[in-house]
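Subject: Structure handover

Hi,

Here is the structure I promised to pass on to you. Have a look at it first, and then read on for my notes on what turned up in it.

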Amino acid sequence: MRAASYARYGGPEVVEIAEVPAPEPGPGEIRVRVHAASVGAADSAARSGTPWFARLAFGLRRPTHTVLGSDFAGIVDAVGDGVTRFDVGDRVFGATGASLGAHAEHLLVAESGAVASLPEGVGMTDAAALCDGGLTALPFLRDGARVQAGMRVLVNGASGSVGAAAVQLAKQFGAEVTAVCGPAHVELATALGADRVLDHTRTDFTREREGFDVIFDAVGKSSFRGSRRALVPGGTYLTTVPSGAIMLQQLTSRLGRRRAVIMFTGLRPDADKAPDLEQLAALAASGAVRPPIEREVALDDVATAHRIVDTGHKAGSVILRIVRAEVAA
Ligand SMILES: NC(=O)c1ccc[n+]([C@@H]2O[C@H](COP(=O)([O-])OP(=O)(O)OC[C@H]3O[C@@H](n4cnc5c(N)ncnc54)[C@H](OP(=O)(O)O)[C@@H]3O)[C@@H](O)[C@H]2O)c1
């Protein structure tokens, strides 16, 4: 099978298409013919080995897993002994987490893993994108901030994959949503359902005193310290990007009137991710959540996909089309 593989840390050019043996499913495993997979910030960190702490997860001197990609959608084409949840021909989607491997024609997944059936009406591209943003935004909003109807939620980086999912999911929770993005993406943020859109090149949201119950910085461009006064007493600041400061503030803010929260959603147990996939699939099937797609790129152009991600200004997800859309089911 063909896979996008890399052997050393570096720029987009280190990822090349290689011919590798197709894996055979063992007991309890399914093999997925991957149709679409997202290329995101985690792939960029794993590819470049930056920031430095990424190497603690992906290999100190060189990458441990040579095929990137976590979020996938495809069709089961072989099952191992004892598999009861899926059959050959089932449409599925999911996330492999830190074990990666989705930027390839075939992928092995435990049937008990973070994988779910894909409802008719949800395409492969949308399904891969749903995992990219939704599987992060959902636990942040639901578990990190306990968003409820009527809360005022601000999403910074609302046009990225996590931020776009956060805007749509916060609306589903019944929140009043303020989206923050650059001038090129104001229209997109409005289309996602935001009640108000702020252009971060013109407006500093941190100046809005006690304006929000929840501030979700989906791209980690702000700080708890700078944003604190924009929260109501009892409010929650969430960020996706780790730093020494936020790790400390997560502990110390428990004593204060406004909480700081960092989560590592990719490291959650598969048993927690699987029901979230089902929930996201149902929301996508009903049309309530529709992830924006910056670009679909063929597997051969994987380096282009990495270049787009590295700009830090994509709108929604970049998707690798491993089976061409017109061939795919
Ligand atoms: N902690 C976790 O569990 C976890 C899980 C998943 C992802 N992450 C992290 O979450 C971050 C976001 O991921 P993503 O995939 O959503 O990123 P992304 O899609 O690359 O985000 C791109 C968006 O960020 C916006 N942006 C850039 N600079 C901004 C600024 N100064 N203010 C406001 N918006 C700005 C851009 O909007 P404009 O072009 O309009 O400016 C662009 O649309 C990454 O760092 C990723 O590593 C963490």
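The second largest pocket holds about 260 Å³ of space. Please keep in mind throughout that this is a predicted model.

Leu100 has a positive phi of about 55 degrees, although it is not a glycine. You will find Leu100 in the loop between strand E5 (91–95) and E6.

Next, the domains. The domain assignment gives domain 1 (2–118 + 292–321) and domain 2 (133–266). Their C-alpha centres lie 28 Å apart, and the contact takes nine residues from domain 1 and eleven residues from domain 2.

The lining is made of 13 residues, with Ala129, Gly133, Ser161, Ala165 and Pro291 the closest to the centre of the cavity. H3 and helix H4 (161–172) are the elements that give two or more residues to this lining. By class, the cavity lining has seven nonpolar and six polar residues, and no charged ones. Where does the cavity sit relative to the two domains? Domain 1 and domain 2 both give residues to its lining, so it lies between them.

H3 comes up again in the helix packing. Helix H3 (residues 124–144) packs against helix H8 (residues 270–285) at an angle of about 110 degrees, and their axes are 10 Å apart. Angles of 65 to 115 degrees count as roughly perpendicular, and H3 and H8 therefore fall into that class. On the H3 side, the residues are Leu130, Cys131, Gly134, Leu135, Leu138, Pro139 and Arg142. From H8, they meet Lys273, Asp276, Leu277, Gln279, Leu280, Ala281 and Ala284. The residues of this contact divide into nine nonpolar, two polar and three charged.

The axes of helix H1 (residues 41–48) and helix H9 (residues 302–310) come within 9 Å and cross at roughly 105 degrees. H1 and H9 are therefore roughly perpendicular to each other as well. H1 brings Ala41, Asp43, Ser44 and Arg47 to the contact, while H9 brings His306, Val309 and Asp310. By class, the contact of H1 with H9 has two nonpolar, two polar and three charged residues.

Which kind of peptide bond joins Thr50 and Pro51? The bond is cis, with omega at about -5 degrees. Pro51 lies in the loop between H1 and helix H2 (54–58).

That is the tour. Happy to go through any of it together when you have the model open.

Best wishes

Conventions. Residues are numbered from 1 along each chain as its sequence is written. This is a predicted model: local features need pLDDT of at least 70, side-chain atom pairs count only at pLDDT 80 or more; totals for chains, interfaces and linings use all residues. Side-chain values use heavy atoms; hydrogens and water are left out. Axes are lines fitted to C-alpha atoms, for helices over the stretch in contact, and angles run from 0 to 180 degrees between N-to-C directions. Helices (H or I, at least four residues) and strands (E, at least two) are DSSP runs, numbered from the N terminus. Angles under 35 degrees count as roughly parallel, over 145 as roughly antiparallel, 65 to 115 as roughly perpendicular and the rest as oblique. Contact means heavy atoms within 4.5 Å. Ala, Val, Leu, Ile, Met, Phe, Trp, Tyr, Cys and Pro count as nonpolar, Asp, Glu, Lys and Arg as charged, and the others, Gly among them, as polar. On a 1 Å grid over the protein atoms alone, a cavity is a set of points where a 1.4 Å probe fits but cannot get out, and a pocket is an open set with protein on both sides within 12 Å along at least five of seven lines; lining residues have an atom within 4 Å of a point. Domain bounds come from an automatic or database domain assignment. Grid points are joined across faces, edges and corners, and a volume is the space filled by probe spheres set on the points.
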